[in-house]
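User: Please guide me through reading some local features of a protein model, with the general idea placed before each case.

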Amino acid sequence: MSTRPTVSPNELEQIDLASPILHAEYELDEVFRYLRANRPMYWQEPRGEQPGFWVISRYADVNEVYKDKAHFTTENGNALATLLTGGDSASGAMLAVTDGVRHHQLRNVLSKGFSPRMLDLITNSLRATVDELLLAALERGECDAAQDISANVPLGAICDLLEIPQSDRKYLLGLTAHAWSTDHADEPPEEGWVAKNEILLYFSKLLKERRAGDRDDMVSLLANCRIDGDPLNPAEQMANCYGLMIGGDETGRHAITGTILALIENPDQWRALKNGDVDLKTATEEALRWTVPSLHGGRKATGDVVINGQQIKAGDVVSVWISSANRDETVFDAPDEFRLARTPNKHFTFAYGSHYCLGHHLGRMEVYAVLDGLRRLVGDLEQIGEERWIYSSILHGMSSLPIRLRSEG
């Protein structure tokens, strides 16, 4: 039902691929198709005071950058929004914007939080949450899939992982929704800064409460762990709680809404899901490839390097476009078709290499739970109003998707 205009490749030199407005209000498939075929290593010239940056669109080249720890770092930021404005304040503290030995140490600590016991708990909790949300929506007959379903599924999972009190969860959802994206083009940037600071302040208090306790949730793990005998400093503790909260909530939320829209727009795939013609794990991978909750990843070059015949100089900002690589015609057969049975399906939705998304288990479990719930409980889906896309240059998703649901039978 989207009426977003398509940007022509002829307009490439006029558009700004770092603009949240561009990604919310326009379709860019033709631009990236052109870039993959003709200018896979595209340098976007500076726009006003905004520095220039590399736009890498082919799967093979994205793969090269992700693998090359010797020449690319996240320590100045892992998205254009921070890389082009002086760097990330959490650099060297939060896992996603830390490299080298400290990255390895932090990753080992955080990995322990995804224990089999915790993942089993979350699996059961997710099924119960999804069923409750879908049954409530079916009873009403209509709902906003983005706000009434998608927003509540990942929040429950990540809050279970962090053992956030139930009474605080809605408050945190409201903050995470504004930390990296906005619902309106003219929303002031201060809203995002306030949201980020509120999240950090919340976790500062929670970490203090969990210190010296014997719980095994992720917040307690960060509050009480030792690396080479030393505790994590407060900045590391808060930053990694923040990173888990944002990453765990936003990715799953936008993947779920995008999946619901894709099933509505592809009735043959909805029937395949309903008839049991597709394996749910396979379908989950296609939902993740298709929806691309994170549009790009960002790096800064630490030394001169050649990628696909193009020299990148030390200090250059590099963006690798997951949204484009996931549609690369040389890797995926008919990439612009939504096929739940697609296999193999080695998408970049969770990145690749040393920064492969730590929470990929959660993201997959969330999408799987929703596909399973839709298959079991919902007879039909229909879009009843135009979707609204969020304003972000990094996140890709909707703030609103009005739908009508009909139950089985």
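**Reading helices and backbone angles**

Analyst: Glu163 is found in the loop between α8 and α9 (169-179); helices (H or I, at least four residues) and strands (E, at least two) are DSSP runs, numbered from the N terminus. The model is predicted: local features need pLDDT of at least 70 and side-chain atom pairs pLDDT 80 or more, while totals for chains, interfaces and linings use all residues. Residues are numbered from 1 along each chain as its sequence is written, and side-chain values use heavy atoms, with hydrogens and water left out.

User: At what angle do α8 and α12 pack?

Analyst: Axes are lines fitted to C-alpha atoms, for helices over the stretch in contact, and angles run from 0 to 180 degrees between N-to-C directions. Helix α8 (residues 152-162) and helix α12 (residues 234-265) pack at about 155°, with their axes 8 Å apart. That makes α8 roughly antiparallel to α12, a term for angles over 145 degrees.

User: Which residues of α8 and α12 meet?

Analyst: Contact means heavy atoms within 4.5 Å. Val153, Pro154, Leu155, Ile158, Cys159 and Leu162 in α8 meet Leu244, Met245, Gly248, Asp249, Gly252, Arg253 and Ile256 in α12. The residues of this contact divide into nine nonpolar, two polar and two charged. Here Ala, Val, Leu, Ile, Met, Phe, Trp, Tyr, Cys and Pro count as nonpolar, Asp, Glu, Lys and Arg as charged, and the others, Gly among them, as polar.

User: How many residues of α14 are buried, and what do they pack against?

Analyst: Ten of the twelve residues of α14 are buried, so this helix is largely enclosed by the rest of the structure. Trp290 and Arg289 are among them. The buried residues of α14 pack against α12, α13 (267-274) and α16 (360-377).

User: Which peptide bond is cis?

Analyst: The bond from Thr343 to Pro344 is cis, with omega near -5°. Pro344 lies in the loop between α15 (322-325) and α16.

Terms used: Angles under 35 degrees count as roughly parallel, over 145 as roughly antiparallel, 65 to 115 as roughly perpendicular and the rest as oblique. Buried means under 20% relative accessible area, exposed over 50%, partly exposed in between (1.4 Å probe, protein chains only).
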